[in-house]
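Q: Could you take me closely through the aromatic pairs, and then through the charged side chains that meet one another?

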Amino acid sequence: MARCSIAKPLGGTTTAAPHHSHRCGQLPTSAAASPTMTTRTRRLSALSKPPKPPSLPIFPRPKLPIPTTSNDAPTNSKQDNSKELSMNTVSSRSSSGAGDVLRLMDVLCVAPDEDVYISLLKDSVDAAEVAAVHAHIKCAAFPLPLPLANRLVLTYASCGDTVSARKVFDEMSVKNGITWATMVSAYSDGCFHNEAIRLFSCMCHEELASDLHDRSIVAVLRSCARLSKLSFGEQVHALAIKAKRVCGDTGSSLLQLYCESNRHDSARQVLETMRCSSQEPVPEAAWTSFMTACHRDGLLDEAFHVFRDMVSSGDARSSFSLSTILVVCAESEKHKCLGQQVHADAIKHGVETNQFVVSGLVHMYANQGRLADAARAFEAVGGKPDAVCWNAMAMGYARGGWYREAARMIYQMKAAGIDPPGVNVVRMACSR
């Protein structure tokens, strides 16, 4: 019985049992929170993400230091400030590339040499970067050798800034044939043909015939062809004969000039001179230009003679020259058998599946009424036929009286998503 007695608390006093209130809405205070809730809160706080570290400060870009010499007087501070302002303005135009490289080299106190400048100019993508490199060269008082000056002119011209290129060209004390050729080509490519002809005349007056570059002759002949100045082109032709340059690109430009001026006799003389030249073979562009000019003017027999000369010379033939002569074969009534020979030559050179050659073959066989051969040539096209091949085959069927096949070709063209202009003509033919 003694074991079952209730033990009394220490101190001899008894505490009353806690009185629970029946009131609703009373919440326990934070002091009366349970220990399980406190432990859970600590675990959740431990599992939460750590705070983000403070962001690093962003420092501004260092400015390009302007090199000064010991002879500069204090009175030139305004001029130095203007130079620094202009240089920073030019450098800020190019947010990457040459401007950043030069800025970094200036901060590291590394002086760039000629090779570095040329490499930066080669990698420049716009006129702003070229201007940044040019401004750095001026402010650094770096001597401008001839290769670096030529590269400046070429890079300015490549970016389309012919004004800055001409300014550098005029400031050069020494020029060679590459300098003149670059500037003439820049004017010709920019459609400033009168300036190109005028500058070429100044080049000839400077007695630089021995240093004549092929690029300058090609550029000025292109300008003569655009302006239809045949008399000046004949003078350039005489200069090329004197310099023994009637070959390669120069000969092709001369031939194109005479073809556009309807001077087929002069073009034939240029072609014979190029064939007799032992420097390099006649380019395919020259043969193709002459055949195209003969076909345009209705001289089909002359075009066949040119192609025979091309074959006998052993020059390479590609899809361009073969497709050109196939158009001539399609319109000629005398040389129908020559088209089959051209087809065999295309198979020999492995271009019978080329789309230009296939369209020429289909057009030629369809005009001759050999629609079965035209269909076989059309089916042999490599890859997906283009609109020209589809149109040539459909027109061939319509003109040959095969109206069902022409209608089938129209539906196949629609399924392929092609709607060439010749479909209306085919529909009119099929409606008959």
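A: Across the whole structure, a search finds five aromatic pairs, where rings of Phe, Tyr and Trp (its six-membered ring) pair if their centres lie within 6.5 Å, and planes under 30 degrees apart count as stacked, over 60 as edge-to-face and the rest as tilted. One of them joins tyrosine 187 to phenylalanine 192 in an edge-to-face arrangement, with 6.3 Å from centre to centre and 85° between the planes. Tyrosine 187 is buried at 8% relative accessibility, whereas phenylalanine 192 is partly exposed at 41%; buried means under 20% relative accessible area, exposed over 50%, and partly exposed in between (1.4 Å probe, protein chains only). Phenylalanine 200 and phenylalanine 232 also form an edge-to-face pair, their ring centres 6.5 Å apart and their planes at 75°. This pair links distant parts of the chain, since phenylalanine 200 belongs to helix H9 (residues 193-205) and phenylalanine 232 to helix H11 (residues 230-242), 32 residues apart; helices (H or I, at least four residues) are DSSP runs, numbered from the N terminus. Phenylalanine 200 and phenylalanine 232 are both buried.

The model is predicted, so local features need pLDDT of at least 70 and side-chain atom pairs count only at pLDDT 80 or more, while totals for chains, interfaces and linings use all residues. Residues are numbered from 1 along each chain as its sequence is written, and side-chain values use heavy atoms, with hydrogens and water left out.

Turning to the charged side chains, the structure holds 16 salt bridges, each being a side-chain nitrogen of Lys or Arg within 4 Å of a carboxyl oxygen of Asp or Glu. In helix H9, glutamate 195 and arginine 198 lie three residues apart, about one turn of the helix, and their side chains meet in a salt bridge of 2.7 Å, N to O. Glutamate 195 is partly exposed at 31% relative accessibility, and arginine 198 is partly exposed at 46%. Glutamate 272 and arginine 275, three residues apart in helix H13 (residues 264-276), are likewise separated by about one helical turn, and they form a salt bridge of 3.8 Å, N to O. Glutamate 272 and arginine 275 also belong to a network of salt bridges that links them with Arg268, Glu302 and Asp309. A further salt bridge brings together the side chains of aspartate 373 and arginine 370 at 2.7 Å, N to O; here aspartate 373 is buried, with a relative accessible area of 15%, while arginine 370 is partly exposed at 29%.

Conventions. Helix = DSSP H or I, 4+ residues; strand = E, 2+ residues; numbered from the N terminus.
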